[in-house]
Amino acid sequence: MTIQNRDKFLDHLAERLGQPRHQLATHPYQQLNDLPQQTLSDKTPAELLALARKNSEALPVTFYEVAPVELPQLLTDYVTDKGGGPLLLPTTSHFADYQLTDWQKSIAADQTVNYWLPDADRATNLKAAEIANIGISFADFLLAESGTVTVSTNPGQGRALHFLPIHYLSIVPRSRIVARSTQAVAWYEKEQAAGCLDSSAIHFITGPSNSGDIEMQLVTGVHGPLDVTYVVVDD
Amino acid sequence: MKVSIFTTCMMDLMFPHVGKNMVEVLERLGCTVDVPDDQICCGQPTFNSGYVEASWPVMHNQIDALSAIDCDYIVCPAGSCTAILKEYPELLVDDPNDPTGDYMARAKILSAKTYEFSQFIWRVLGIADCGAELDTVATYHRSCHMTRLLGERETPFWLLENVKGLEMRQLDGIQYCCGFGGTFSVKEHEISELMVTSKVENIEKTGAETLISCDPGCLMNIGGRFNRLGKPMKIMHIAEVLNHNVDESRIKKISEVATPAPAPFP
Amino acid sequence: MGLSTSTLPFKERIAAAAKDKFAHASIAKAQDTQYTKRENARAELGNWQDWRKLGQSIRQHVIQYLPDYLEEFSDNVEKRGGNVFFAQTTDEANDFILNVIKQQQGHHVVKSKSMVTAELDLDKKLQALPDVSILETDLAEFILQEDDWDEPSHIVFPAIHKDRNQVHTIFKKLGYEGDNDPEHMARFARKYMRERFLEADVGITGCNFAIADSGIINLDTNEGNADLADSIPKAQIVVMGMERLVPSMKEAEIMDNMLARSAVGQKLTTYVTFEGQQTPGETDGPENFYVVVLDNNRSKALGTEFQEILQCIRCGACLNVCPVYRQIGGHGYGSLYPGPVGAVLSPILGGYEQFGELPFASSLCAACTETCPVLIPLHNLLIKHREVETDRLNMMHGFTDFQMKVVGKGTSSPFMFKMALRFKHFGLSPWTHQKPVTATNFFEYNNSMITKGPGMVGGWTDVRDLPVPPKHRDDFRVWFKHHKKQGGDAK
Ligand code: SF4
């Protein structure tokens, strides 16, 4: 943990700018207008859901909206549809919250299921992610404007879980559909300030990995998942 | 309404017919026209080449000359020169030779009452149809400075819409510069050539037989290229179009025509 | 090669670019594709002009208080357990990075896209290390790497100058056996790179925005390569230009939205990532996190008329609208930073001796200024460069000072101008030709054209014909005097 060459570097900048350092306390940044907050702020929850679906499907993302009781069957069908395991699942209480503990057992009976384990070492978890055909995550938010899920890393749900599997599915409660990135970021900042979130990585994921680097022709799945599915669960 | 013509050095040196047509149109629409005698140039050629010191006297002369005649408006046949004159108050902020701020004060007055020709007709005179007729298939070259610096994207299209017999074709790549750029066309002529060549190709693709614009500089560039290639193209400044075969009984105010669509291109 | 991407003189680069028909077509196509996508994305957001002001206000504030934000950022990186190295020069930065790799006993380095590491010429330095492999993982940069480290020609689409057939040829050397379909080739690249990713021990990434109040960085990509580079290896080195700060995630989020719409016409890039030093308990992500903050002459812009160029968020929109870039491509500029932003930035970073031509390689059409999401007055800054070069440094650029000063005199003295009007027609006969006028109407008043002119006119007539000026008696002013006498303005 070191900082090197700082003072000389910063003094030089201050000199070029022609003003002393340490001005920020009296000159904090003040947001010029409230466009980020205003944009789409007039939408009802139902409109946000419709918008989220439209924008997700355009990406393209497969978009489902289900009641909690339908969730286990949907997941099972999804696994079959994508050719089965190995699966990579996070270690989290969300499975219990969604009453998916039975599903966890039943799917493990049929398929190879690995978990991202808080106690495992880097190599073990990365291996599980590397071999995974399917990765499933629980998202914090779904952004209506862009069709984006946001996920935060924690010991039970590592970074690579979202990137190494071939097929990727993310589950998000309906109440967590917000207008745009503005609301999600405000929440993350609030949680971090309150000490409730100690995550080293927050990912905003908008559909499958893609690239237009060869003749601007859009191709999917260059590094990350080849396809992406969002499941909105009524709550 | 008293109108002074801001002639521009290019019109004075090269394209007298643009001025004549412009004067005739303005007089027909009820303006009393005059031409301030000592005016020369807006200062762009030197200023944009980085010879800023040499540009102050040019701008000062232009301010003196245009202020010498009392008028309600100043009208210019070139979108680019109009834009620069309107920018004078910003440019003169750095002027070291204006201790009393006298030039700045007059620059502000001039800037406020200066308009490009088509803009003046539509936005000040409120005329939508000049009564002109021109039987041709044409396309319009939008000049960069008129569009982006002056911010006028619409009036030429609206006025041309009302010219009898005129069929306008949309120009692909209308947003791209023709490669004129003043001294750029001379100094970086290799790049300029590539640009004007691609402009010529796009104009040919429209199938138009006439090219219209509000900037003599661009027309000199594109027309000069057509001529070099030996390709036929009728090159017209908008003043010539609006002064063509006029039937005064057809002249209409904005209120007498349907509201035109906003800028046809971004 | 670092900042400079070519050893050829400027005019030769232009000539080479003019000949490269494929690159030309591919850039034009890319510009047109991006044009529609970008404009639609901005229109859909609404209030674009006010968004620009918001973006500008954030970036201007950061630059104005840059030392404070850098101090806050580095304190917070350290608090999270990471390291920050401030490098004034590229040498300092390279030495530090190579040292970290040695310390970490790194053998397999993966890189995600970073213009600043290209500025450092870091790839070359890494290649020189024994027992260290290096992989550029952005698809475009991977293509360039495998094409014997070809130079990038765009800041967002580095391989914009290559077509599918060229990529096909390059990939065949790597054992690819399929056709030239971009989808198939991308799949091959995925597999090829995935294997190397999994053995990576050091990841080097760029940084779109560094978040001052939390010591994390913000990365925007579509491929997800940056995310693999910051997940798999146990060490991460972030290399950033010193200006790339934002106060907090709140402002980063605003910039991310504007960047995606401006750069690729998307609402957000596929992956928008906020990440930093691994938190205790997590198993992937960097256990060892290093940030290198590079000056490399950026500070020369501070406190000058060029300060605004540091607001740039590298969206590439100004390249995508530029008619000059359209014609000469990135390689024509000979700088890692091409296009309008490059024409302003390169002389600051690399000096006028090397990049002094670039500010002149613009028609000042202002398309760049019009599109820049953070309201950098790009074309005005080009004029300022010209002013520095001509008025202050007296560097000669094409025209002699004498010629331009004559123009200045001639256009500031009514007497001289009137003399010029009177005599402009004379003395031109050696260059005048009775050439049929095909560009009719506009040039028809005297039916002769200059096809090969002297001096400054020569540049003009190399490309196009010049009408012979009218005789004095045909001038507008002469006509007007006569017209007035006849009572022309009677109304
Ligand atoms: S100068 Fe403006 S338009 Fe150009 S890359 Fe930078 S931010 Fe984008």
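Visitor: Is C:S74 buried or exposed?
Guide: In this predicted model, the place of C:S74 is in helix α4 of chain C. A residue counts as buried when its relative accessible area is under 20%. The relative accessible area of C:S74 is 0%, so C:S74 is buried.

Visitor: Which residues does C:S74 touch, not counting those up to four places away in sequence?
Guide: A contact here needs heavy atoms within 4.5 Å. Two of the residues that C:S74 touches belong to chain A and two to chain C. They are A:I3, A:R6, C:V84 and C:F86.

Visitor: How far apart are the C-alpha atoms of C:S74 and C:S214?
Guide: Along the chain, C:S74 and C:S214 are 140 residues apart.

Visitor: How many of the 14 residues of α4(C) are buried?
Guide: The buried residues of α4(C) include C:L66, C:P67, C:D68 and C:Y69. C:S74 is also among them, as are C:N76 and C:V77. Helix α4(C) is largely enclosed by the rest of the structure, because the buried residues number 10 of the 14.

Visitor: What span should helix α4 of chain C have, and how far apart are its end C-alpha atoms?
Guide: Helix α4 covers residues 66-79 of chain C, which is 14 residues. The expected span is 1.5 Å times one less than the number of residues. That gives 20 Å, and the distance between the end C-alpha atoms agrees, because it is also 20 Å.

Visitor: Which residue with a positive phi follows α4(C)?
Guide: The phi of this residue is near 100°. The residue is C:G81.

Visitor: What share of the residues of chain C count as buried?
Guide: Chain C has 491 residues, with 22 helices and 14 strands. Its C-alpha trace spans about 95 × 55 × 45 Å along the principal axes. Of its residues, the share that count as buried is 68%.

Visitor: How far apart are the mean positions of the positive and negative charges of chain C?
Guide: Chain C carries 54 positive and 63 negative charges. The mean position of the positive charges and that of the negative charges are separated by 12 Å.

Visitor: Which residues of chain A does UniProt list for "domain: LUD"?
Guide: The annotation comes from an unreviewed UniProt entry. In the model, the listed span is 30% helix and 28% strand, with end C-alpha atoms 13 Å apart.

Definitions and conventions
Residues are numbered from 1 along each chain as its sequence is written. Chains are lettered from A and ligands numbered from 1 in the order in which they are written. This is a predicted model: local features need pLDDT of at least 70, side-chain atom pairs count only at pLDDT 80 or more; totals for chains, interfaces and linings use all residues. Side-chain values use heavy atoms; hydrogens and water are left out. Helices (H or I, at least four residues) and strands (E, at least two) are DSSP runs, numbered from the N terminus. Buried means under 20% relative accessible area, exposed over 50%, partly exposed in between (1.4 Å probe, protein chains only). Lys and Arg count as positive and Asp and Glu as negative; His and the chain ends are not counted. The place of a charge is taken as NZ of Lys, CZ of Arg, CG of Asp or CD of Glu. UniProt positions are given in the numbering used here, feature names are shortened, and annotations may be inferred rather than shown by experiment.
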